[in-house]
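Please keep the sequence and the structure in view.

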Amino acid sequence: VVFTTAERFLSWTMDAGETGHWGRERAGFWYNARVRSLAALLGPSVLRYGGTSADFTAYNFSGRFFPTSHPDPTRRTLVLNETVLDGLVSFCAAVGWELVFGANLGTYRTGVTAEATVWDPAAFRSLARYVKRRGYDVAGWELGNEPDLLTKDHGIPISPAVEAQDFATYAKVLEEELGGGGGGGGRRPYRIIGPDSALTAQHYFTPFLGNLTAAVGGGSVVD
């Protein structure tokens, strides 16, 4: 035996844009008995819901809609609401999968100048409170998707240093709303994952880790 993979090594990703394009005729997809039976046959897995579209998704929870800033007019804003999240969680629970959720880093931002913005947690906090109230089990939380491409392709400037601070804020909001002490190492009831990066590690991820460690101690924020 060269290596034994984790039981949930087999995993899947769904871009948030998929559900954003669904009409009423597909609203019952997550509850379809045949789909659930087929998914369960794939065995224990992790479903990651996020991708590029997650950074252009507005949240509507508990009767409050949070509009996004929208620096890229070529992309339409999608909406994530209770119906979509309920379906995701119900599906994963029914088929024995774990859910990793990717939050909007790209277009929930505020700042002093266009060149220096920080993540605005208000919309995500409403989502987290809904998750807590419903008692949902989310195994992992990501913040954004490929932030280096957000800067390059969409004109949303997020440097490694800024994203380190964004992740620190993200971890703080998760702890306040969902509980779990800092420090990583499995001590939280969930994992904080990321960031994804599209280019080389030296280009973005390595500087991110350096800034995160210098600012707040990397182990207390990401797992």
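This is a predicted model: local features need pLDDT of at least 70, side-chain atom pairs count only at pLDDT 80 or more; totals for chains, interfaces and linings use all residues.

Q: In what order do the strands of the open sheet lie?
A: Strands of a sheet pair through backbone hydrogen bonds, either parallel or antiparallel. Helices (H or I, at least four residues) and strands (E, at least two) are DSSP runs, numbered from the N terminus; two strands pair if DSSP finds at least two bridges between them. Here 5 strands form an open sheet, ordered E1-E2-E6-E9-E10, with parallel pairing. Strand E1 (11-15) and strand E10 (191-193) are the edge strands, each pairing on one side only.

Q: How many bridges join E9 to E10?
A: Strand E9 (residues 140-143) is joined to E10 by 3 bridges. Glu 142 has Ile 193 in E10 as its bridge partner.

Q: Which helix packs on the sheet?
A: Helix H6 (residues 160-178) does, touching strand E6 (98-103), E9 and E10. Touching, or contact, means heavy atoms within 4.5 Å. The direction of H6 makes about 145 degrees with that of E9; axes are lines fitted to C-alpha atoms, for helices over the stretch in contact, and angles run from 0 to 180 degrees between N-to-C directions.

Q: Is Thr 117 buried or exposed?
A: Buried means under 20% relative accessible area, exposed over 50%, partly exposed in between (1.4 Å probe, protein chains only). Thr 117, in strand E8 (residues 116-119), has 14% relative accessibility and therefore counts as buried.

Q: What does the side chain of Thr 117 make a polar contact with?
A: A polar contact is a pair of N or O atoms within 3.5 Å; within protein, one must be able to donate a hydrogen and the other to accept it, and residues adjacent in sequence count only if both atoms are side-chain atoms. The partner here is the side chain of Arg 109, at 2.8 Å.

Q: Why is the pair of Phe 29 and Trp 30 edge-to-face?
A: Rings of Phe, Tyr and Trp (its six-membered ring) pair if their centres lie within 6.5 Å; planes under 30 degrees apart count as stacked, over 60 as edge-to-face and the rest as tilted. A search of the whole structure finds 17 aromatic pairs. The ring centres of Phe 29 and Trp 30 are 5.2 Å apart and their planes are at 75 degrees, so the pair is edge-to-face.

Methods. Residues are numbered from 1 along each chain as its sequence is written. Side-chain values use heavy atoms; hydrogens and water are left out.
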